[in-house]
Amino acid sequence: MIFQDNIIKKYLENVYFIAGTPCGGKTTVSRALGKKYGIPVYDIDERFDEHQRMSDKEHQPAMNKQFKDADEFFGRSVEEYRAWLLQNTREQLDFVLLDLIRLSQNGKIICDCHLTLEQAAQCTEPSRMAFMIKKPENLVEEYCNRADHQGFSNFIHSATDYEKAKATCNETLQSLNEKRYADIKKSEYFWLERDNARSVDETAELVAKHFGWGRA
């Protein structure tokens, strides 16, 4: 069954999407906005295990692919790793959209997600879409240093050759996000580049202004 884009957009009118490149600040900003405006935040990463339990190997093969350890996971080629990440995200999107339709029936929802420009165009209007971006360099170190990503940090450090695993992961994420980073900056969509001189509250307020929140 295929739903037309206009139908999806209509049912997602209460959803405000915050996406972007890794370490761009989307989760931090989503949580700051949710706290300030009292709006629930839907984090797709937190929902993955639930969606995986609902999935099956026939229809969602990437979501159900099993790896025996970190050596097998990071031992793939960059091309294999990148293709798996893209397919994994696409498979989960079906679950995400159905969740959002249900959860947003009675009010606004902030969705912290991984939408591409093409997926954003299918799901929502530019006025409800914000991209938080960062130049995709040395992402693994920054990712591992975050308190909410210690599970990933422990996993990659369990690899027999951590430096090789880190290099593969960095190259994969960089190759996946370099064009996305450039395309977002050239697009019609609202975007903010990560700037450590700007506070979280200041950044969140810029996104809120784009969304039209707080206006009389």
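This is a predicted model: local features need pLDDT of at least 70, side-chain atom pairs count only at pLDDT 80 or more; totals for chains, interfaces and linings use all residues.
Residues are numbered from 1 along each chain as its sequence is written, and side-chain values rest on heavy atoms, with hydrogens and water left out. Helices (H or I, at least four residues) and strands (E, at least two) are DSSP runs, numbered from the N terminus.

Five strands form an open sheet in the order β2-β3-β1-β4-β5, and their pairing is parallel, two strands being taken as paired if DSSP finds at least two bridges between them. Because β2 and β5 (190–193) stand at the edges with a single partner strand each, one side of each is left without a neighbour in the sheet. Neighbouring strands of this sheet are turned by 20° against each other on average, direction ignored. In general, the strands of a sheet pair through backbone hydrogen bonds, either parallel or antiparallel.

Strand β1 pairs in the parallel sense with β3 over four bridges, and V15 has I109 of β3 as its bridge partner. The pairing of β1 with β4 is likewise parallel and runs over four bridges; here F17 is bridged to M129 and I18 to A130. Six of the six residues of β1 are buried, so this strand is largely enclosed by the rest of the structure, where buried means under 20% relative accessible area, exposed over 50% and partly exposed in between (1.4 Å probe, protein chains only). The side chains of a regular strand alternate between the two faces of the sheet. In β1, V15, F17 and A19 point one way and Y16, I18 and G20 the other way, and all are buried.

The largest nonpolar core has 25 residues, and those with the most contacts inside it are L12, F17, L100, C111, L115, M129 and F131; a nonpolar core is a set of buried Ala, Val, Leu, Ile, Met, Phe, Trp, Tyr and Cys residues joined through side-chain atoms within 4.5 Å. At least two residues of this core are supplied by each of β1, α5 (78–103), β3, α6 (117–123), β4 and α9 (162–186), and α5 gives the most, with five residues. A second, separate core of 19 residues includes F67, F73, Y81 and C144. Leaving aside neighbours within four places in sequence, F131 is in contact (heavy atoms within 4.5 Å) with residues including A19, G20, L115, I184, F190 and W191. Within helix α5 lies N88, which is buried with a relative accessible area of 11% and touches F48, A62 and M63, not counting residues up to four places away in sequence.

Helix α2 (residues 26–37) has 12 residues and should span 16 Å at 1.5 Å a residue, which agrees with the 16 Å between its end C-alpha atoms; the expected span is 1.5 Å times one less than the number of residues. Its buried residues are K26, T27, V29, S30, A32, L33 and G34, and these pack against β1 (15–20), β2 (41–43), β3 (109–112), β4 (129–133) and α10 (200–211). Also in α2 is R31, which is partly exposed, with a relative accessible area of 41%.

The axes of α2 and α10 come within 9 Å and cross at roughly 75°, the axes being lines fitted to C-alpha atoms, for helices over the stretch in contact, with angles from 0 to 180 degrees between N-to-C directions. That makes α2 roughly perpendicular to α10, since angles under 35 degrees count as roughly parallel, over 145 as roughly antiparallel, 65 to 115 as roughly perpendicular and the rest as oblique. Residues making this contact include V29, A32 and L33 of α2 and T203, A204 and V207 of α10. The axes of α8 (residues 150–157) and α9 also come within 9 Å, but cross at roughly 125°, and these two helices are therefore oblique to each other. Their contact is made by F152, I156 and H157 of α8 and Y162, A165, K166 and C169 of α9.
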